[in-house]
Amino acid sequence: TGYSSRWLHEKFIEKVGVSAKNLSSIIRFNQVYERWTSRRGLDFLKDDKKENIYDYFYDQAHFIKDFRRFTGFSPLKFAKSENEFGRIFYKD
């Protein structure tokens, strides 16, 4: 394209407000969180028959890191907490 990656990065942040990498993390986490809170059907184990966490994240550590980044809790602590925000926000 003739533009440097630095220039493209700066323009992306200027127009969108976050870097492309951060935006992709936000979108990926939002997809997982929406499915998890709306129907509790997202499986955390590898099973070819069900939609699972590995459809979105490379490994469990990567998922936990992003989960803590966006919620402030580990997935287990978050699941045990009485948090109705997700179910209300993503209500069909």
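In this predicted model, Phe-29 has a relative accessibility of 8% and therefore counts as buried, the cut-off being under 20% relative accessible area. Tyr-33, whose relative accessible area is 9%, is likewise buried, and both residues lie in helix α2, where they stand four residues apart, about one turn of the helix.

The structure holds six aromatic pairs, and two of them are set out below with the distance between ring centres and the angle between ring planes.

| Pair | Centre distance | Plane angle | Class |
|---|---|---|---|
| Tyr-3 and Trp-7 | 4.4 Å | 15° | stacked |
| Phe-29 and Tyr-33 | 5.7 Å | 20° | stacked |

Both pairs are stacked because planes under 30 degrees apart fall into that class. Trp-7, a member of the pair with Tyr-3, is partly exposed, with a relative accessible area of 35%. Phe-29 and Tyr-33 also belong to one aromatic cluster, which they form together with Phe-57, Phe-63, Phe-67 and Phe-70.

The largest nonpolar core numbers ten residues in all, and it is made up of Phe-29, Val-32, Tyr-33, Trp-36, Ile-53, Tyr-56, Phe-57, Phe-63, Phe-67 and Phe-78. The elements that give two or more residues to this core are α2, spanning 20-39, and α3, spanning 60-71, and the largest share, four residues, comes from α2.

Ser-25 is another residue of helix α2, and with a relative accessible area of 8% it is buried. Once its neighbours within four places in sequence are left aside, Ser-25 is in contact with Asp-66, Arg-69 and Phe-70, of which Phe-70 is also a member of the aromatic cluster.

Definitions and conventions: Residues are numbered from 1 along each chain as its sequence is written. This is a predicted model: local features need pLDDT of at least 70, side-chain atom pairs count only at pLDDT 80 or more; totals for chains, interfaces and linings use all residues. Side-chain values use heavy atoms; hydrogens and water are left out. A nonpolar core is a set of buried Ala, Val, Leu, Ile, Met, Phe, Trp, Tyr and Cys residues joined through side-chain atoms within 4.5 Å. Buried means under 20% relative accessible area, exposed over 50%, partly exposed in between (1.4 Å probe, protein chains only). Contact means heavy atoms within 4.5 Å. Rings of Phe, Tyr and Trp (its six-membered ring) pair if their centres lie within 6.5 Å; planes under 30 degrees apart count as stacked, over 60 as edge-to-face and the rest as tilted.
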